[in-house]
Amino acid sequence: MRLIQANLRATVLLVLTAIPAVAHTGNLDGGFLGGFAHPLFGSDHVVAMVAVGLWGAFLGPPPMLVLPIVFPLVMAVGGVLGIVGVPLPAAELAIATSAIVLGLMVASAARPPLWVAAAIVGAFAIFHGYAHGAELPAGTDAAAYSIGFVTATGLLHLAGIALGLTVRWPAGRMGVRGTGAAIACAGLLFLWRLA
Amino acid sequence: MKRLAGLALALPVLLPIEEACAHPAFAGATGFYGGLVHPLFVPTHAIAILSLGMLIGQQAPHWRWPLLLTYAAGLSAGFAAMVSAFAPRFSTEALLAATAIVGGLVALARGVPWLTGILALGVGIALALDSSPGGISVREANVIIVGTFCGAVILLGVLLEVAAILRREWQKLAMRILGSWMGASAILILAWQLAR
């Protein structure tokens with residue numbers, strides 16, 4: 001319980017001191033490093049990506065790694081919608097909601113059928129991808145930028161999985177579930193800031 | 001060895017990457033050497049070869065070298081077409097579309113040899129047509145083309161052998177994740193190219 005409280009406090013502090021709670025700053029330079037940094041500077045994107053990895057840990061291997069396979073591909077479809085300018089309403093709202101839903105899945109150690117988990121993650125991936133696609137800076141080296149941004153997103157998933165591997169120990173399990181609760185709280189905060 | 005193999009797979013993704021267009025990969029790299037390293041330093045080419053290497057590496061061992069030869073035949077056909085002054089407008093887009101499919105197949109771990117063969121041929125042709133050296137003498141252009149052919153074949157050969165030795169379950173899954181990254185990147189770049 002103490003661990004969960006500590007996690008919650010740390011996350012709230014992190015979120016409050018973070019860069020504005022939208023997925024993307026939109027001010028980054030092009031190139032690989034610009035693309036790589038883009039997902040890392042949006043706290044709502046970061047927590048949702050880490051949550052995907054953490055949730056995978058509760059699904060166990062090999063499904064653990066299915067979500068990080070599904071996410072980038074579906075995210076790219078969302079990215080295409082953003083790049084070509086197809087309107088997708090309430091994308092930021094959906095991104096904040098993704099942190100809440102995915103955080104709750106982790107906090108409750110939910111183990112739905114794999115296709116359900118993949119569908120939930122895939123649905124949110126569309127919105128994350130859309131936000132990135134819509135905010136790609138002009139004059140960017142598209143290839144390097146895209147590779148950087150997909151790589152960073154994937155590495156956030158892997159970071160979540162690495163953290164999630166601690167669920168084999170009781171304290172680790174509590175810690176991961178506590179982190180999930182903290183992510184859900186952060187999602188609420190993102191939602192509140194959007195209101 | 002296995003760590004080295006993992007690093008070799010990850011390297012093209014992590015390398016600082018230059019702009020994707022046909023030309024010497026970076027200042028000072030001209031001639032045969034410029035052509036040789038060209039596929040490694042042009043992001044769209046690097047992800048195409050990396051994805052194809054992983055897909056071929058996922059096939060049964062007896063398919064690997066025939067598929068590599070198919071790819072080399074595609075490269076030869078593409079370069080032959082280029083030398084014959086055939087200048088397609090959408091070679092980059094075709095390469096990216098093929099890479100998206102290849103990446104998706106790697107992610108699904110559903111490599112079908114005949115489909116992989118068609119994709120290897122297509123990637124070879126598109127990659128060659130997208131590697132036209134411009135604004136130089138015919139002799140130097142030919143040297144660059146030979147260098148690019150060698151670089152593209154060697155790189156794929158190394159990658160598919162590396163992919164083939166990754167046989168543990170987690171290594172196969174890591175490859176599938178990398179495939180999904182490559183596929184996603186190709187889809188995004190393609191959308192960007194078409195929306196420009």
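Two residues are taken to be in contact if their C-beta atoms, placed from the backbone, lie within 7 Å. On this basis, residues 24 or more positions apart account for 85% of the contacts in chain B with a separation of 6 or more. In chain A, 85% of the contacts between residues at least 6 apart in sequence likewise join residues at least 24 apart. The model described here is predicted.

The secondary structure of chain A consists of eight helices and zero strands, and its elements run α-α-α-α-α-α-α-α from the N terminus on. Chain B also comes to eight helices and zero strands, with the pattern α-α-α-α-α-α-α-α along the sequence. Of the 195 residues of chain A, 56% count as buried; for chain B, the figure is 53% of 196 residues.

Within chain A, helix H3 (residues 43–59) was examined with regard to its span, burial and packing. H3(A) has 17 residues and reaches 25 Å from its first C-alpha to its last, close to the 24 Å expected at 1.5 Å a residue. Burial extends to 17 of the 17 residues of H3(A). Just after this helix, Gly60(A) adopts a positive phi of about 75°.

The axis of H3(A) comes within 9 Å of that of helix H5 (residues 91–107) of chain A, and the two cross at roughly 25°. Angles under 35 degrees count as roughly parallel, and H3(A) and H5(A) are therefore roughly parallel to each other. The crossing of H3(A) with H5(A) is left-handed. On the side of H3(A), the contact is made by Asp44(A), Val47(A), Ala48(A), Ala51(A), Val52(A), Leu54(A), Trp55(A) and Phe58(A). H5(A) contributes Ile95(A), Ala96(A), Ser98(A), Ala99(A), Leu102(A), Gly103(A), Met105(A) and Val106(A).

H7(A) is mostly covered, with 18 of its 23 residues buried.

In chain B, helix H6 (residues 113–129) has 17 residues and extends 24 Å from its first C-alpha to its last, close to the 24 Å expected at 1.5 Å a residue. Because 12 of its 17 residues are buried, H6(B) is largely enclosed by the rest of the structure. The buried residues of H6(B) include Thr116(B), Leu119(B) and the run from Ala120(B) through Leu121(B), Gly122(B), Val123(B) and Gly124(B). Also among them are Ile125(B), Ala126(B), Leu127(B), Ala128(B) and Leu129(B). These buried residues pack against H3, helix H4 (61–83), H5 and helix H7 (138–165) of chain B.

The contact between the two chains takes 26 residues from chain B and 22 residues from chain A. On the side of chain B that touches chain A, helix H3 (43–57), helix H5 (91–108) and helix H8 (169–195) of chain B each supply at least two residues. The largest share of that side, 16 residues, comes from H8(B). The residues of chain B on this side divide into 17 nonpolar, six polar and three charged.

Technical notes
Residues are numbered from 1 along each chain as its sequence is written. Chains are lettered from A and ligands numbered from 1 in the order in which they are written. This is a predicted model: local features need pLDDT of at least 70, side-chain atom pairs count only at pLDDT 80 or more; totals for chains, interfaces and linings use all residues. A residue is buried if 20 or more other C-beta atoms lie within 10 Å of its own, exposed if 12 or fewer, and partly exposed in between; C-beta atoms are placed from the backbone. Helices (H or I, at least four residues) and strands (E, at least two) are DSSP runs, numbered from the N terminus. Axes are lines fitted to C-alpha atoms, for helices over the stretch in contact, and angles run from 0 to 180 degrees between N-to-C directions. Angles under 35 degrees count as roughly parallel, over 145 as roughly antiparallel, 65 to 115 as roughly perpendicular and the rest as oblique. A crossing is left-handed if the near helix is turned anticlockwise from the far one by less than a right angle, and right-handed if clockwise. Ala, Val, Leu, Ile, Met, Phe, Trp, Tyr, Cys and Pro count as nonpolar, Asp, Glu, Lys and Arg as charged, and the others, Gly among them, as polar. The expected span of a helix is 1.5 Å times one less than its number of residues.
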